[in-house]
Amino acid sequence: LNKYTNDNLVCIMLGNVGFKYFDERRQYWMGAAMWSTLISIPLTIWGCMALSGYFGDPNKGIIKDAYWTWVNVKNENTTE
């Protein structure tokens, strides 16, 4: 049918690899993976906002209070 996505050599070789237990309960495990992904997305957004100081005082935050490194380089060959 579709030699590029379904009927290629890799899919034929790896299509039967896996545990029968998970194959028989695929709907449950795929649902668990989906729900864990959907729950992790807002938690990740919340964590990023908390680190950046988005909530509360915008001048306070772990990222803004961290010591950041900077480098000053002078090119001796030119006036730059």
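Start by selecting Arg26, which is partly exposed, with a relative accessible area of 49% (partly exposed lies between buried, under 20%, and exposed, over 50%; 1.4 Å probe, protein chains only). This is a predicted model, where local features need pLDDT of at least 70, side-chain atom pairs need 80 or more, and totals for chains, interfaces and linings use all residues. Numbering runs from 1 along each chain as its sequence is written, and side-chain values use heavy atoms, without hydrogens or water.

Next, pick Glu24 and Arg25, whose side chains form a salt bridge at 3.5 Å, N to O. Glu24 counts as exposed at 52%, while Arg25 is partly exposed at 35%. The count of salt bridges comes to 2.

Move on to helix H3, residues 26-52, where mean confidence is highest, at 90 (pLDDT, from 0 to 100). Click Leu38, found in helix H3 and partly exposed at 43% relative accessibility. Leu38 belongs to a nonpolar surface patch with Met34, Trp35, Ile39, Ile41, Leu43 and Ile45, with about 720 Å² of accessible area together (Shrake-Rupley; side chains joined within 5 Å, each residue over 30% accessible and without a salt bridge).

Then select helix H4, residues 62-65, where mean confidence is lowest, at 64.

Finally, zoom out: the protein chain has 4 helices and 0 strands (DSSP runs of at least four and two residues). Buried residues make up 2% of its 80 residues, and its mean pLDDT is 80.

Notes. pLDDT is the predictor's confidence in each residue, from 0 to 100. Patches are made of residues with over 30% relative accessible area and no salt bridge: like charges are joined within 9 Å, nonpolar side chains (Val, Leu, Ile, Met, Phe, Trp, Tyr) within 5 Å. Accessible areas come from the Shrake-Rupley method with a 1.4 Å probe; for residues, only the protein chains shown count as cover. A salt bridge is a side-chain nitrogen of Lys or Arg within 4 Å of a carboxyl oxygen of Asp or Glu.
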